[in-house]
Amino acid sequence: MRPAGRSETDSLYFTYPRFETPARRPAPGAPVAIVGAGPVGMTAALALAREGVRSVLFDAKDTFNDGSRAICVSRSSFHILERLGAVPPFLGKALGWTMGRSFYRGRQILEFEMPDGPGEKFRPMYNLQQQYIEDYLWRAVSASPLIETRWQSRVTATEDLEGCVRLTVEDPHGSYSCEAPWVLACDGARSPVRRQRGLRLRGENYEGRYVIADVRMAHDYPTIRRALFAPSCRPGGTVLIHRQPDDIWRIDYQLRDDEDEAAAIAEPEVRRSVQAVLDEIGHDGAWELEWWSVYSANTLALDDYRDGRVFFVGDSAHIVPIFGVRGLNNGLADAMNIGWKLGWVLQGRAGEALLDSYSPERRGATLDVFANASKSARFMTPATHGWRLMRDAALSLALDHGFAGQLANPRQMTPYTYADSPDVLPGEGSHKGPVPGAHLPEARCGAGFLSDLMGPGFTAICTDPATAAALPGAPGLRVVTLTPGTPAAEALGATPGSAFLVRPDLHLAARWRSATPGDILSAFRQVSHDITLAEEIVA
């Protein structure tokens with residue numbers, strides 16, 4: 001919502017483009033139709049294009065989403081954006097941060113630091129309004145000859161046919177149908193495609209409601225996460241404050257159980273509530289109201305993220321609480337996961353069995369998010385009187401005992417480990433460093449970073465030069481040699497003879513304390529599902 005007299009896209013700091021629907025609507029001819037051109041849909045399209053696969057994006061809107069919405073982008077998401085060739089404008093605009101502070105009744109009870117250091121290429125978290133996220137992804141999408149986008153095009157029906165899905169699309173020129181072998185539903189929490197398929201999310205709804213308001217003001221507090229528990233401006237409630245680019249500040253404040261939502265989001269009441277928060281933090285300068293909305297915390301997911309030839313990606317598959325900034329970041333990881341897998345299948349590099357791992361991997365990640373975010377949600381928005389008593393007791397204890405302040409730690413998003421995935425091989429006994437399925441750790445490597453050495457497909461990391469020399473020639477596999485004792489080798493827990501197989505999404509597919517070229521290629525074939533190797537390898 002915007003202040004009176006301003007339209008939904010009349011922003012104080014961002015100029016929204018307007019996209020026309022194509023006058024001619026020939027059959028897309030692309031093997032993948034993507035419904036939804038938000039951050040998740042565009043990321044999926046870029047992941048497919050990276051594999052050389054064409055796609056067509058359909059979106060009912062004529063511009064980007066209004067308001068700042070998802071603003072916290074994690075380090076792992078920046079790795080995804082980099083691999084898709086979209087990261088430079090993000091680095092130029094986003095505000096990186098590493099720290100958070102929590103306060104109870106005006107007194108600080110916690111200051112946490114997220115892991116960071118010179119061995120990391122990206123900061124743990126970045127703040128950037130969703131308009132910019134979509135704008136920067138759109139720049140990459142519009143520059144790709146493999147991606148067609150049809151704005152103002154609403155998918156109203158999906159029908160399964162032999163070997164494809166027929167989509168019915170409505171745009172300003174009328175209605176038409178088109179067919180695609182595969183469909184990615186990236187159409188958000190109220191997913192029309194999910195409804196068309198007769199599917200429902202299942203899980204828990206939390207009682208806590210928050211108003212989120214963006215204001216523009218000159219305020220010199222650093223870019224960190226601030227959480228205010230039981231402040232005087234919201235007795236018994238919680239307030240979150242984040243700095244964003246362009247002097248925009250996000251203020252999230254909890255509504256009381258007895259507050260009427262319609263009254264709470266009326267502009268005069270929002271202005272009054274925001275002013276009370278600003279008084280709380282000692283800001284006595286001018287400010288302007290930019291945008292506001294309301295949300296509640298839910299943990300909901302589909303039982304299966306695949307329905308035949310339709311895959312559900314991002315919020316169409318799951319809805320998670322914002323606490324710990326997992327929503328957008330979880331969705332981008334979904335998009336990268338299905339993007340590279342579907343790309344490999346369509347390019348004939350892998351069998352369709354590779355697609356079977358998408359739902360267990362990404363639903364496993366969602367359940368992990370639920371486990372962590374639910375703890376944060378119960379702390380931020382206690383669902384019952386008993387939970388509130390326990391929360392308030394912990395906060396009171398934290399005033400005098402530092403250890404209790406850790407209970408207010410939001411448990412920020414970290415990449416999920418695909419330990420039980422069918423596309424990850426179990427490790428060999430005890431081993432220092434990341435386990436199979438974990439995200440590749442970052443480390444300095446020469447003048448750059450370990451992630452810079454990873455190929456566009458799979459990467460075999462060897463510490464034995466002879467093993468590495470026997471591997472070149474396998475399509476889709478890059479070979480990298482690391483010297484034991486270097487920072488990169490130490491981050492992996494590598495010793496002489498160690499080897500690792502890294503997937504296109506930077507998750508470890510396998511690791512060995514000692515491996516032959518045959519071991520590595522056998523694992524490569526297994527996790528790629530019978531990929532064809534053109535070269536004969538000398539074991």
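## A strand buried on both faces

Strand β5 is covered on both of its faces: Met99, Arg101 and Phe103 on one side are all buried, and so are Gly100, Ser102 and Tyr104 on the other. Buried here means under 20% relative accessible area, with exposed being over 50% and partly exposed in between (1.4 Å probe, protein chains only). Helices (H or I, at least four residues) and strands (E, at least two) are DSSP runs, numbered from the N terminus. In a regular strand the side chains alternate between the two faces of the sheet. For β5, residues 99-104, six of the six residues are buried, so the strand is largely enclosed by the rest of the structure.

A word on what you are looking at: this is a predicted model, in which local features need pLDDT of at least 70 and side-chain atom pairs count only at pLDDT 80 or more, while totals for chains, interfaces and linings use all residues. Residues are numbered from 1 along each chain as its sequence is written, and side-chain values use heavy atoms, with hydrogens and water left out.

## The neighbours of β5

Which strands pair with β5? One partner is β6 (residues 107-113), which pairs with β5 in the antiparallel sense over six bridges. Two strands count as paired if DSSP finds at least two bridges between them. In this pairing, phenylalanine 103 stands opposite glutamine 108 of β6. The two strands form a hairpin with two residues between them, and arginine 105 in the turn has a positive phi of about 50°.

Strand β14 (residues 225-229) is another partner: it runs parallel to β5, and five bridges join the two. Here tyrosine 104 stands opposite phenylalanine 229 of β14.

Strand β23 (residues 458-462) pairs with β24 in the parallel sense over five bridges, with phenylalanine 458 opposite leucine 477 and cysteine 462 opposite threonine 481. With β25 (residues 499-502), β23 pairs in the antiparallel sense over four bridges, and there cysteine 462 stands opposite alanine 499.

## A mostly covered helix

Helix α2 (residues 75-83) is mostly covered, with eight of its nine residues buried. Those buried residues are Arg75, Ser76, Ser77, Phe78, His79, Ile80, Leu81 and Arg83. Which elements cover them? The cover includes the helices α1 (39-50), α3 (87-93), α4 (130-143) and α8 (327-346), along with the strands β3 (72-74) and β7 (125-127); contact means heavy atoms within 4.5 Å. After α2 comes glycine 85, whose phi is positive, near 75°.

## Cysteines without partners

How many disulfides does the structure hold? The count is zero, where a disulfide is a pair of cysteine sulfur atoms within 2.5 Å. Cysteine 72 is in no disulfide, and the nearest cysteine sulfur, that of cysteine 233, is 20 Å away. At 6% relative accessibility, cysteine 72 counts as buried.

## The chain as a whole

The protein chain has 14 helices and 26 strands. Its radius of gyration, taken over C-alpha atoms, is 24 Å, close to the 24 Å that the globule rule gives for 539 residues, so the chain is as compact as a globular protein of that length; the rule is 2.2 Å times the number of residues to the power 0.38. The C-alpha trace spans about 75 × 65 × 40 Å along its principal axes.

Of the 539 residues, 58% count as buried. Among contacts with a separation of 6 or more, 71% come from residues 24 or more positions apart. The accessible surface comes to about 21,000 Å², of which 50% belongs to carbon and sulfur atoms; such areas come from the Shrake-Rupley method with a 1.4 Å probe, and for residues only the protein chains shown count as cover.
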